[in-house]
Amino acid sequence: MATGSTPEQNAGKPLDLQGDGQSVGVPAEGELEGNPINPLGSSVGMKHWQAGYIEEAGLQDRGNVFFAAVEMTRMPMVVTDPRQPDDPIVFVNRAFLDLTLYEEKDLIGRNCRLLQGKDTNPDTVAEVRAALAERRAIALDILNYRADGTPFWNALYIGPIFDQHGELLYFFASQMDISERRASEQSSLQAQKMEAIGQLTAGMAHDFNNLLQVINGNLELALLALGPSGAALEPIRRAQRAAMKAGKLTQQLLTFARKQRLDPRRVNLNALLVEFSELLVRTLGDRVALQLDLKPGLPACKLDPTHFEMALLNVLINARDAMPNGGQVRVSTAVRTSKNDGAGEVVVCIVDEGEGMAPDVAQRATEPFFTTKGPGTGLGLAMVHGFVQQSRGRLEIDSTPGQGTTVRMVFPVDAAHEDEDENEAAERAVDHAKARILVVEDNEDVRELAETMLASAGYAVVSAPSGEQALDLLEHGDVVDLVFTDVMMPGGMNGLQLADQVRARRPGTPILVTTGYMDELPATRGPRLDILSKPYRQEDLLARVRAILPGAST
């Protein structure tokens, strides 16, 4: 907000005379700057008037070129008369009618406050009233409402008009609809905030996941040591579940904060929905009921489960917000055949009883930064759409105003892999029993835990606390069948650089990298990376090692 000078402050300033003295103005001379929007662009306002002095009052003379220009301009304009009770509107141009959707007869004689509504900031209104009381110009942004109740952000400029004797005759105001600019600014601020959150979270994620890895891994080893019975088994299992949820929470925070690299896995969406249902119920709140309708025997899909949960949360939050008075949301799964290639598809369908969307709104629902919610950022459905497409699926939205919305996430069935036979898995475990694995990890606790997990499965393990020491071991003749390295390590060489060096010096050596922050990994890199997310379980580590070493010899 910026205000001009008072009549008393204008007294000693040079004036701009027009029409042989019929009107006189006080040039801005750069004093009214910093206003929310500047129609002049980056130019400093020097010559426009902050206040005007006219020879004759009255609005009857409308036969000159200036009146035609006022009516021709697309800049909405209004004049009020502070000499009358409640400072009513006495003139509006046609552009003002276009902006507000009011008829002229509904505006003349009424105060401009009729444009204000429930979300108009009272402090902004107080600033306007203070400037009017002091008979000075003011420029600010204010949330106004059209005749049909739709809100719009208004860049408002008000200036006083006096007679030759200094008596206040009118207030002149120009308006500009800046709703799109405000939305863009809010989206930009949100993006900056998310970037800051991402940077903060990235700094914490590595150490936090290392701690969780040590906690969960040692709990898992404790379970194995206790055997099938014991009073401590259930408390340890509860602690283990809590540690894994904490690891998932870290990934969820990273997903919200940044574009996360996907880690697709073969998953059953029914099992995932049941596991996630408790959080979904809490998200929807007391006034919205969640109904699950899951098709038995649902085939598996290959997608990132954490990103799927985040996508589902985004859709359900939209459904909840569309039902301010409560209602029901139904989440169902189904199988269908693709019309394009006849392949199987798994459909996750979310149906709400909310307000629904008009066709033009539904068409833009997945556009980044497009939102119909006042405090919304417009990123939710855009993130869902991006995730589904990255997962080789598609997003379908059907909506009818007043009848609710249906959102379908469609994923291809993963028919490429069948579950491994238990006997075959056991044979492969025996085949790998004497494989030699190099563990590279700077955190001593995490390194020792990985050594224990691998050694307990019969692998020979050698370790190094840094990439440089790992290369030194390889240079001095240590033969390894697999390198298992963390990505982030202090010093001159991280895990990705180590992987490049191993490929150059020992071509064909399998490499497994682990990280708690998937965004550390490049989007594109030469050879494909095998990745294990932290925190991991012993079962996850051993399964990944067996997959990478299918031909290890005894």
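A: Start with what counts as a strand and a pair. Helices (H or I, at least four residues) and strands (E, at least two) are DSSP runs, numbered from the N terminus. Two strands pair if DSSP finds at least two bridges between them. The model is a predicted one, where local features need pLDDT of at least 70, side-chain atom pairs count only at pLDDT 80 or more, and totals for chains, interfaces and linings use all residues. Residues are numbered from 1 along each chain as its sequence is written, and side-chain values use heavy atoms, with hydrogens and water left out.

Q: What is the strand order in the open sheet with mixed pairing?

A: Strands of a sheet pair through backbone hydrogen bonds, either parallel or antiparallel. Here the order of the five strands is β11-β13-β14-β16-β15. β11 (288-293) and β15 (394-400) are the edge strands, each pairing on one side only. From one strand to the next, the twist averages 15°. Such angles run from 0 to 180 degrees between N-to-C directions, with axes as lines fitted to C-alpha atoms, for helices over the stretch in contact.

Q: How many bridges join β15 to β16?

A: Seven bridges join β15 to β16 (residues 404-412), and the two strands run antiparallel. Within this pairing, isoleucine 397 has valine 407 of β16 as its bridge partner, and glutamate 396 has arginine 408. In a regular strand the side chains alternate between the two faces of the sheet. The hairpin of β15 and β16 has three residues between the strands, and glycine 402 there takes a positive phi near 85°.

Q: Which helix packs on this sheet, and which strands does that helix touch?

A: Contact means heavy atoms within 4.5 Å. Helix α7 (residues 269-284) packs on the sheet and touches β11, β13 (327-337), β14 (344-352) and β16. The direction of α7 makes about 175° with that of β11.

Q: At what angle do α7 and α8 cross?

A: Angles under 35 degrees count as roughly parallel, over 145 as roughly antiparallel, 65 to 115 as roughly perpendicular and the rest as oblique. The axes of α7 and α8 (residues 305-321) cross at roughly 40° and come within 10 Å. The two helices α7 and α8 are therefore oblique to each other. As for handedness, a crossing is left-handed if the near helix is turned anticlockwise from the far one by less than a right angle, and right-handed if clockwise. α7 passes α8 in a right-handed crossing.

Q: What kinds of residue make up the contact of α7 with α8?

A: Ala, Val, Leu, Ile, Met, Phe, Trp, Tyr, Cys and Pro count as nonpolar, Asp, Glu, Lys and Arg as charged, and the others, Gly among them, as polar. On the α7 side the residues include Leu272, Phe276 and Thr283; on the α8 side they include Phe308, Met310 and Arg320. The contact residues of α7 with α8 divide into 14 nonpolar, one polar and two charged.

Q: How do α13 and α14 pack?

A: Helix α13 (residues 467-475) and helix α14 (residues 495-505) pack at an angle of about 15°, their axes 10 Å apart. That makes α13 roughly parallel to α14. The crossing of α13 and α14 is right-handed. Among the residues that meet are Ala470 and Leu474 in α13, and Leu498 and Val502 in α14. The contact residues of α13 with α14 divide into five nonpolar, two polar and two charged.

Q: What is the order of the sheet with parallel pairing?

A: This open sheet of five strands has the order β18-β17-β19-β20-β21. β18 (460-464) and β21 (530-533) stand at the edges with a single partner strand each, so one side of each is left without a neighbour in the sheet. The twist averages 20° from one strand to the next. Four bridges join β19 (residues 482-486) to β20 (residues 511-515), which run parallel. Aspartate 486 stands opposite threonine 514 in β20.

Q: Where is confidence lowest, and where is it highest?

A: pLDDT is the predictor's confidence in each residue, from 0 to 100. Confidence is lowest in helix α11 (residues 422-431), at a mean of 44, and highest in strand β5 (residues 77-80), at 94. Over residues 418-431 the pLDDT is below 50, and this stretch has twelve contacts in the model beyond near neighbours in sequence. The mean pLDDT of the protein is 79, with 74% of its residues at 70 or more.
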